[in-house]
Amino acid sequence: MIRRNGTRGRNPGFSRSLLSRYLLIIVIAVLFLPVLFPLSLIIYTLSDHYHWKFGNTASESEKAFRPYSNITEMEKMWHKEARLLAGKSDREIGARLKALGDRYQYASMFWVNGEGITRLMLPPEKKAGPEAGADNDATGGTDNGATGRTNRTDIGATVPARWTASQAIAFMKDSVGSDPLTVVAFIGDRADAGEGFMAMRVPKSVLPRNTGSVPLALYGLMLLVLLAFAAVSWLFFARIRGRLLRLQTAMTLDGRDGLPATIPKGKPDEIGMLEEAFNTMVAELKDSRRREREEEELRKRLIADLSHDLRTPLTVVRSHLFQVGKEPLSQQGKESLNLMDERIADLGVLIDNLLNYNLLASGRVKLSPGRQDVLRLLRESAAAWYPVWTKEGMEVDIELEGEPLVWEVDEIWFRRVLDNLYQNVVRHAKGGGYVGVAAEDRGGVRTVVIRDRGKGLDEASPAKGAGIGLAIVDMLLSRMGLAWTADSIPEGTSVCIYPKDRG
């Protein structure tokens, strides 16, 4: 019986439980999200201002690209300059555009007066990208008005000398979403001013690479958080799985005493409580096994001592009964004397069975199986019991003809098996008046069959005991590699003995 232990079923506490640990992982992941967004925006802003697509990181280049870092501010600046140039002369407008060209060195500029004539074209002083080469040092421009002639190179045929309405519309259409980025503003910043317009064209290679898109840093940080959460969760459950597998291994492997071995105690959580309960169970099982062995040894010693102590008085009693039987007695006295002698004989058989069972159960009996003709053993044993059967008025049917039946048996103990079975027939089935011993073919295997016509094993019998004789039969046949069955019906019982490995 397993004793109750005060630690069994104890709650480890929420702070130490597996649920609290996993909730802590989730809470940390959720609380990190508010920090994730501002952190990504800071990284995005720093990247927008100081890191460019073509990898130019020199301080002078950073200064040159800084005006292009914010497109919105650049457009506001262009419209403000156009508004300030309202009513200015051609020379003043040209001078202002040149000043802006010095600031926006990678941009090309031009302006058109109210009559649709291009007055000034300023190509970029520097080119962005690997094709810059020696052109970065080129200066000059084309001045079609009073501003005079410069030595800048032409910005291309995309800017006509005189503009028509269709050319202006086509220019606006081609500039939408194309490279370079084109910013156009009316002089005076009003369409009805009638003073023309000015345009600035900026190659997209100098613009911020993340312009108009969600910051890649945000995606990167979110992916990093998700990966970290997945990794921590995997480690959490991997450790739980490892501890459960260790517990499973401890449950399936037997120690030297046939019981599972204890396992080291882990953390004080749910699995730790399970490990502690498992160790407690193993300890109690070992204690129970030890007490069982002690009780078994005590029982065997008691049976052995009682058997030896009972044999001597029984022998004395039987000798005196023999002497009394020589005296003149009435018929009733003789019958009583015979009945006492039979009961004492039965008691002697019981003592022999107890001794044999005790020896077999303790493993002190060593069988020596050999190839024996079982039919010969059956004939000899039946011949020894034949006088007993005939004395009881039983019909004897022996059918042991045919080829020898060779099994691996111990001759002495196989005879003891037959004696126990024949004795059971005499004690419990002599009322049927029949005993049969035969060797039959059942399922392709020759089988020994012992029959009687008693009332069956389930019927009560005055001589019925504790079944020690049949227990000895089962134990001996099993150790000799044989099996047996008892088919009992009210019309009789058939005991079949056959090899274990029959199909």
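**Pairs, sheets and packed helices**

Trainee: What joins strand 7 to strand 9?

Mentor: Five bridges do, and the two strands run parallel. Two strands pair if DSSP finds at least two bridges between them, so strand 7 and strand 9 (residues 434-442) count as paired. Strands here are DSSP runs (E, at least two residues) and helices are H or I runs of at least four, numbered from the N terminus.

Trainee: Which strands stand at the edges of the sheet, and why?

Mentor: The open sheet has five strands in the order 7-9-10-12-11, with mixed pairing. Strand 7 (395-399) and strand 11 (482-489) are the edges, because each has a single partner strand and one side left without a neighbour in the sheet. From one strand to the next, the twist averages 20 degrees.

Trainee: What packs on this sheet?

Mentor: Helix 12 (residues 468-479) does, touching strand 11 and strand 12 (492-499). Touching is contact, meaning heavy atoms within 4.5 Å.

Trainee: Why are helix 11 and helix 12 called roughly antiparallel?

Mentor: Helix 11 (residues 411-428) and helix 12 pack at about 150 degrees, with axes 9 Å apart. Angles under 35 degrees count as roughly parallel, over 145 as roughly antiparallel, 65 to 115 as roughly perpendicular and the rest as oblique. The helices are therefore roughly antiparallel to each other. Among the residues making the contact are Trp413 and Phe414 of helix 11 and Leu476 and Leu477 of helix 12.

Trainee: What angle do helix 4 and helix 5 make?

Mentor: Helix 4 (residues 71-84) and helix 5 (residues 90-103) pack at about 160 degrees, with axes 12 Å apart. That makes helix 4 roughly antiparallel to helix 5. Their contact is made by Met77, Trp78 and Glu81 of helix 4 and Arg96, Leu97, Leu100 and Arg103 of helix 5.

Trainee: Which element has the lowest mean pLDDT?

Mentor: Strand 3 (residues 142-143), at 44, while strand 8 (residues 406-409) has the highest, 92. pLDDT is the predictor's confidence in each residue, from 0 to 100. Over residues 130-154, pLDDT stays under 50. Where pLDDT is low, the predicted coordinates should not be read in detail.

Conventions:
Residues numbered from 1 in each chain as written. Predicted model: local features only at pLDDT ≥ 70, side-chain atom pairs only at ≥ 80, totals over all residues. Heavy atoms only, no water. Axes fitted to C-alpha atoms, helices over the stretch in contact; angles between N-to-C directions.
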